[in-house]
Amino acid sequence: MQIRALAGTLLLAAILSACGGQPGDDGGAADLLLVNGRVYTLTWGDPAGDGSLKPDAPYDDNGWSPDASAIAVRNGRIVFVGNTRDTHGYRGVSTRVVDLAGATVIPGLVDSHTHVFGLGAALDQVDLVDVDTEEEAVARVAERAQSVPKGSWIVGRGWDEGAWANRYPDKALLSEAVPDHPVFLASLHSFAGWANQMALDVAGITAETEAPVGGEIRRGADGEPNGLFLNRAVPLISDAVPPPPRETVARQVIAALEQMAKDGYVTVHEAGLNAGEMDILEELEASDRLPIRVYAMLSLRDEDLVRKWIARGPDQDTDSMLVTRAVKAFYDGALGSRGARLLYDYADRPGHRGVSGDDYGFNEALTEEAMRKGFQVAVHAIGDAGNRESLDILERIFTRHPPTAMNRHRIEHAQVVHPDDIPRFGELGVIASMEPPHAMEDKAWAEARLGPERILGAYAWRSLREHGSPLTFNSDNPGSDHDIFYGLHSAITREDKQHEPEGGWFAEQAVNADEAIRAYTSWSAYAAFREDKTGILAPGRWADITVIDIDPFVLAEQDPGSILDGRVLMTVVGGKVVYERD
Ligand SMILES: [Zn+2]
């Protein structure tokens with residue numbers, strides 16, 4: 001323990017002197033000084049693929065211990081990380097000193113796959129998350145209808161298309177309870193939509209309406225649409241909802257980003273923006289109104305927008321709050337609604353393998369063009385066929401244009417991967433971008449869809465790491481709860497919020513605290529080409545910092561269930577305190 005502690009001190013000293021961050025030697029007072037914290041800098045080496053820790057990790061026979069207690073910040077950057085007793089040189093008349101009283105400090109959290117416009121809209125909509133029955137959902141809509149003028153749309157979201165897949169709702173009860181408002185209720189992951197009769201009438205959807213390729217309009221015995229839409233048919237009804245005015249959308253997205261700040265996040269990677277949304281983000285950035293950083297992925301479904309950016313080229317790496325250098329491709333559907341493309345039939349629907357590629361609107365030529373221009377591509381792929389075909393496409397493009405292989409492409413979700421394809425992520429340098437909460441939310445039905453063998457390659461965080469895949473964790477909100485303590489708890493325990501199942505669901509795929517926290521910080525920095533600017537707490541880095549009231553390193557070993565009780569105390573972005581509890 002002594003030797004290791006000394007080695008840690010020497011390493012820290014080496015880092016400090018390398019960056020000119022010795023106390024008092026480079027310009028005096030800090031703007032912000034955090035003292036008496038349990039600071040985990042993540043400046044030690046990444047754990048190996050099997051999770052074993054590097055010798056320089058601050059870990060010994062007694063478990064984890066923090067490797068610093070104080071951080072000084074000046075002009076948006078960290079200028080000192082070390083011991084509280086060495087901070088005198090940073091205390092000036094205008095320095096704000098915060099006594100953390102033993103709270104835990106980690107590098108600022110990144111949610112590397114979000115939909116903050118969806119989150120903002122969700123904050124305004126009828127909330128159907130965690131609603132168990134059709135009756136309860138209808139009751140909530142009926143209650144909202146009392147305060148909305150007749151004829152105006154009511155939009156809700158969050159009923160779980162995975163959990164409800166064997167008893168999908170239809171328009172009957174909803175139309176009876178809410179006859180005078182058009183109603184559209186998006187499912188949790190947006191792969192299903194539920195409407196009442198008035199919405200069908202307004203949208204002009206009749207028995208004659210045909211579903212697009214890759215979509216399904218459910219019908220009653222009379223051949224009439226029954227109000228339930230799946231996969232690519234959902235836009236038939238969702239597009240009929242008039243778009244909110246731009247000011248409303250801007251207000252919603254600011255509210256969503258403020259919510260993320262409150263929940264400890266310093267950055268979101270926004271997974272699929274259209275021109276209107278980019279426009280709003282650019283305006284918010286120009287007027288200095290983005291509370292946290294946004295790493296933008298342009299939606300390849302908005303071809304005009306992508307072409308505009310192909311002509312212009314990806315943003316150069318800057319300190320700007322909005323950086324655009326990625327595009328988002330959509331390769332297949334979701335597992336819950338049986339849209340994910342599988343190599344063999346769904347275990348619970350013989351003859352059905354989901355939809356993918358051209359049938360799902362994937363544009364390979366445009367993807368290749370963006371890659372050649374230097375954009376990172378993030379491909380949504382969920383089924384084992386979806387993942388294999390996405391890797392095949394990337395590999396083909398790498399072969400044709402070798403420089404494109406350098407751009408850290410990502411597969412979003414990488415949810416079900418055939419054993420043969422797991423090593424290909426590492427070999428091709430493709431980042432697996434995954435959601436620990438999805439494993440917990442899908443476990444009720446995922447094995448039914450996949451059967452006992454394919455499930456072993458699902459949500460397979462450990463297998464991917466063991467085979468050398470870079471990893472980044474995220475929530476895919478608003479489809480899943482982005483609460484970091486829920487994310488860490490899912491990643492470390494493979495148990496849900498009710499602590500089920502005891503011992504974890506396919507617990508061999510769990511990761512440890514070092515890996516889980518890195519997947520939300522330093523590894524997410526890598527996924528955005530920012531590992532030299534952020535991701536760890538060290539002099540010279542952006543002052544992006546999250547303070548929490550639990551120590552997840554210690555709890556992961558001693559009492560993992562109580563990670564769920566953690567709370568965010570402070571969020572700092574570029575040296576600015578953007579959230580502070582109380
Ligand atoms: Zn998403």
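Student: At what angle do helix 8 and helix 9 pack?

Tutor: In this predicted model, helix 8 (residues 275-286) packs on helix 9 (residues 303-312) at about 55 degrees, and their axes are 10 Å apart.

Student: Why is helix 8 called oblique to helix 9?

Tutor: Angles under 35 degrees count as roughly parallel and those from 65 to 115 as roughly perpendicular. The angle here is about 55 degrees, so helix 8 is oblique to helix 9.

Student: Which residues meet there?

Tutor: Ala275, Met278 and Glu282 of helix 8 meet Leu305, Trp309 and Arg312 of helix 9.

Student: What makes helix 9 and helix 10 roughly parallel?

Tutor: They pack at about 25 degrees, with axes 10 Å apart. The cut-off for roughly parallel is under 35 degrees, so helix 9 and helix 10 are roughly parallel to each other. Their crossing is left-handed. Glu303, Val306, Arg307 and Ile310 of helix 9 make the contact with Leu366, Glu369 and Ala370 of helix 10.

Student: Why are helix 10 and helix 11 called oblique?

Tutor: Their axes come within 11 Å and cross at roughly 50 degrees. Under 35 degrees would be roughly parallel, and roughly perpendicular starts at 65, so helix 10 and helix 11 are oblique to each other. Helix 10 passes helix 11 in a right-handed crossing. Among the residues that meet are Glu368 in helix 10 and Arg400 in helix 11.

Student: How do you know that arginine 400 forms a salt bridge with glutamate 368?

Tutor: The closest N and O atoms of this pair are 2.7 Å apart. The definition asks for a side-chain nitrogen of Lys or Arg within 4 Å of a carboxyl oxygen of Asp or Glu, so the pair qualifies. Arginine 400 lies in helix 11 (residues 384-400) and glutamate 368 in helix 10 (residues 364-372), 32 residues apart.

Student: How many salt bridges does the structure hold?

Tutor: The structure holds 33 salt bridges. One of them joins arginine 293 to aspartate 544, with the closest N and O atoms 2.7 Å apart. Arginine 293 is in strand 17 and aspartate 544 in the loop between helix 18 and strand 23, 251 residues apart. Both arginine 293 and aspartate 544 are buried.

Student: Why do aspartate 421 and arginine 424 count as buried?

Tutor: Aspartate 421 is at 3% relative accessibility and arginine 424 at 13%. The cut-off is under 20%, so both count as buried. Their side chains meet in a salt bridge (3.2 Å, N to O). Salt bridges that share partners join Arg388, Asp392, Glu395, Asp421 and Arg424 into one network.

Student: Which residues coordinate the zinc ion?

Tutor: His113 (NE2), His115 (NE2) and Asp476 (OD) coordinate the zinc ion at 2.0 to 2.2 Å. The donors follow the spacing H-x1-H-x360-D along the chain.

Student: Why is histidine 113 called buried, and histidine 115 partly exposed?

Tutor: Histidine 113 has a relative accessible area of 1%, which is under 20%, so histidine 113 is buried. Histidine 115 is at 23%, between 20% and 50%, so histidine 115 counts as partly exposed.

Definitions and conventions. Residues are numbered from 1 along each chain as its sequence is written. This is a predicted model: local features need pLDDT of at least 70, side-chain atom pairs count only at pLDDT 80 or more; totals for chains, interfaces and linings use all residues. Side-chain values use heavy atoms; hydrogens and water are left out. Helices (H or I, at least four residues) and strands (E, at least two) are DSSP runs, numbered from the N terminus. Buried means under 20% relative accessible area, exposed over 50%, partly exposed in between (1.4 Å probe, protein chains only). Donors are N, O and S atoms within 2.8 Å of the metal (3.2 Å for Na, K and Ca); water is not among the atoms, so sites may look incomplete. Axes are lines fitted to C-alpha atoms, for helices over the stretch in contact, and angles run from 0 to 180 degrees between N-to-C directions. Angles under 35 degrees count as roughly parallel, over 145 as roughly antiparallel, 65 to 115 as roughly perpendicular and the rest as oblique. A crossing is left-handed if the near helix is turned anticlockwise from the far one by less than a right angle, and right-handed if clockwise. Contact means heavy atoms within 4.5 Å.
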